[in-house]
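Biologist: I would like to learn how to read a chain contact and a few backbone features. Could we take them one by one?

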Amino acid sequence: MSQVAENQSPLQPSSQHDEVVSPWLDAWRKFRKNKLALFGAITVIFFIILGILSPWIAPQGINDQNMANTLQAPSSSHLLGTDDFGRDVLSRIIHGARISLWVGFLSVVGSIVMGCLLGILAGYYGRWVDTIISRLFDIMLAFPSILLAITIVAVLGPSLQNALIAIAIINVPNFGRLIRSKVLSVKQEEYIMAAKAIGMKDSRLLMKHILPNSISPIIVQGTLSIGTAIIEAAALGFLGLGAQPPQPEWGQMLAESKAYITTAPWTMIFPGLAIMLTVLGFNLMGDGLRDALDPKMKH
Amino acid sequence: MTSILQVKGLKTTFFTDEGNIPAVDDIDFHLDEGEILGIVGESGCGKSVTSLSIMGLVPNPPGKITDGSITFQEEDLTKASEKRMREIRGNEISMIFQEPMTSLNPLFTIGNQLIEAVKLHEKVSKQKALHRVIEMLKVVGLPRAEEMVNEYPHQLSGGMRQRVMIAMAFICNPKILIADEPTTALDVTIQAQILHQMKELNRKRNTAVMLITHDLGVVAEVCTRVIVMYCGQIIEQADVNTIFQSPKHPYTIGLLQSVPDIREKRSRLFSIKGNVPKPGSIQKGCRFAGRCEQAHDRCFAEDPPLYKGDGQGHQVRCFLHESIEEAHHVEDTITSP
């Protein structure tokens, strides 16, 4: 009987029996075709590997001082030169990768978790919940973000961990507003009504239908934000509010070397370049992800 | 035959900035076990709000059931808790929507979503649920069921997706199926197949179906009884043959005349003049009076009740049919100037 139906059914799409492509796999294929995005991703992966393997690949220890060798120009023994304590700049940058990426990644994860929670509640339940949360975001966005971060660190006390918390907090409204607007459109979709009509609970509906369908702009924004978070962490470090010496955080390294900008520019150029390359990598990757995940952005 | 669903004096109002809009205004009807009841009317006449009210899914805010009762198996659904309603939805009463293209979550496979539907109401293993899903997909005429459970919605055509939705609606053996314009978005050949499928399931499983449509052809095809709605009210109710052979309300007559007849050559199609008034805009009198060619002074002054006419269950909301004799009399007086 089923054979008869198979032959007759006009519903059968002819010869469409190829593999099943999930939406995520499809996005990956689009991403792979984008050369710039791929370059960004490779840069990011390079720094991640650098960070993970830092204790083993750094030629010297981060705090190995050599007072006889201060402010040496790049040479074969110190590829990127030495700083004012005779520490190897390359080794410090390699270790710094771990700190910067860690801060960037963790703070963005923190922002996403808090932002998604608040944004979904605001978007899905609306009314007074939305009013309270949205106004809170508005208030936070009314401050210059670095000022808000400085205030938070000033309250909590300067340290790398508190800088991370501050950066996470100041980025919450960006994610919150983004996901709220997405939820507002997703909740109008018919499959949400259909899911309610089969008796699905609100909590399950939010986790299974609303969140996965609202998440793609968050992934893009998250990737782009890691770059910004790294800059913010470096800025706080530069101001002496983030990582404390002798931690080899990139912004902190910039701050330490600012006195030698004319006499030993490598102490400043290389940490700066590391920041720039990492941020550029995240930005290119983020742009590529946006093109891959947003079907409306096809060129 | 016993009624499985009794709707009495149901009023659903939308509270908006422009005022309160009674989308459904005091409607009474019942749904018998195993029958297919058609609800017809133009867009905005309250068909969909009626079905959402029964499901307890009227978007709130701005909508709310303000009066009346919906009795399902001796239980008033307007008073049921949200938890109880969740148990009923999908399990006892399920619903199919108009747009099959968007009724499935694009991020999950067909199998995943159907298994979810089973597991929401029954404690079964994933394996058993999957087995039932495949079986059900075959029942609704999807022979490739085993492969299809691993496919995503975008890989299926509209007709196939609507079959999947029907499978989802029937998988827990509901007692009532509310189909809100299930075939409107499909082309005619697929329409016929889907209707046939629903009729078949109705017959085999004795599921009562409430079919909401604006397509009179669909009504003639599958329904046993018809309710005609206009502007939030029921204006005529009768079994399907009566409606098509001797419609009484001028609106129903107009609707039937608007259906083009293939045997007749006509340069212009018939249409009822005017537009559907906005719900709530007419405060006094018959809501159809402004567009009715037979309207007289009384129509604009008084709200006609639903006359229970001939005792055969034919009800009509029109002064012309206050009683059959009187109706003729009135008709004579208005046609002669």
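Modeller: We can start with the contact, bearing in mind that this is a predicted model. Chain B contributes 30 residues to the contact and chain A contributes 24 residues.

Biologist: Which elements of chain B each supply at least two residues of the side that touches chain A?

Modeller: They are helix 2 (82-88), strand 6 (93-96), helix 3 (110-121) and helix 6 (158-170) of chain B.

Biologist: How many nonpolar, polar and charged residues does that side of chain B have?

Modeller: The side of chain B that touches chain A has 13 nonpolar residues, 12 polar ones and five charged ones.

Biologist: Next, the backbone. What should I expect of phi and of peptide bonds?

Modeller: Most residues other than glycine have a negative phi, and most peptide bonds are trans. Here, A:R127 is not a glycine, yet its phi is positive, at about 45°.

Biologist: Where is A:R127 found, and is it buried or exposed?

Modeller: A:R127 is found in helix 5 (residues 127-142) of chain A. A:R127 counts as exposed because it has 9 other C-beta atoms within 10 Å, and the cut-off for exposed is 12 or fewer.

Biologist: What about B:Q73?

Modeller: B:Q73 also has a positive phi of about 45° without being a glycine. B:Q73 sits in the loop between strand 4 (63-72) and strand 5 (75-76) of chain B. It has 14 C-beta neighbours inside 10 Å, so B:Q73 is partly exposed.

Biologist: Which form does the peptide bond from A:P245 to A:P246 take, cis or trans?

Modeller: That bond, from A:P245 to A:P246, is cis, with omega near 10°. A:P246 belongs to the loop between helix 10 (216-238) and helix 11 (250-257) of chain A.

Technical notes:
Residues are numbered from 1 along each chain as its sequence is written. Chains are lettered from A and ligands numbered from 1 in the order in which they are written. This is a predicted model: local features need pLDDT of at least 70, side-chain atom pairs count only at pLDDT 80 or more; totals for chains, interfaces and linings use all residues. Two residues are in contact if their C-beta atoms, placed from the backbone, lie within 7 Å. Helices (H or I, at least four residues) and strands (E, at least two) are DSSP runs, numbered from the N terminus. Ala, Val, Leu, Ile, Met, Phe, Trp, Tyr, Cys and Pro count as nonpolar, Asp, Glu, Lys and Arg as charged, and the others, Gly among them, as polar. A residue is buried if 20 or more other C-beta atoms lie within 10 Å of its own, exposed if 12 or fewer, and partly exposed in between; C-beta atoms are placed from the backbone.
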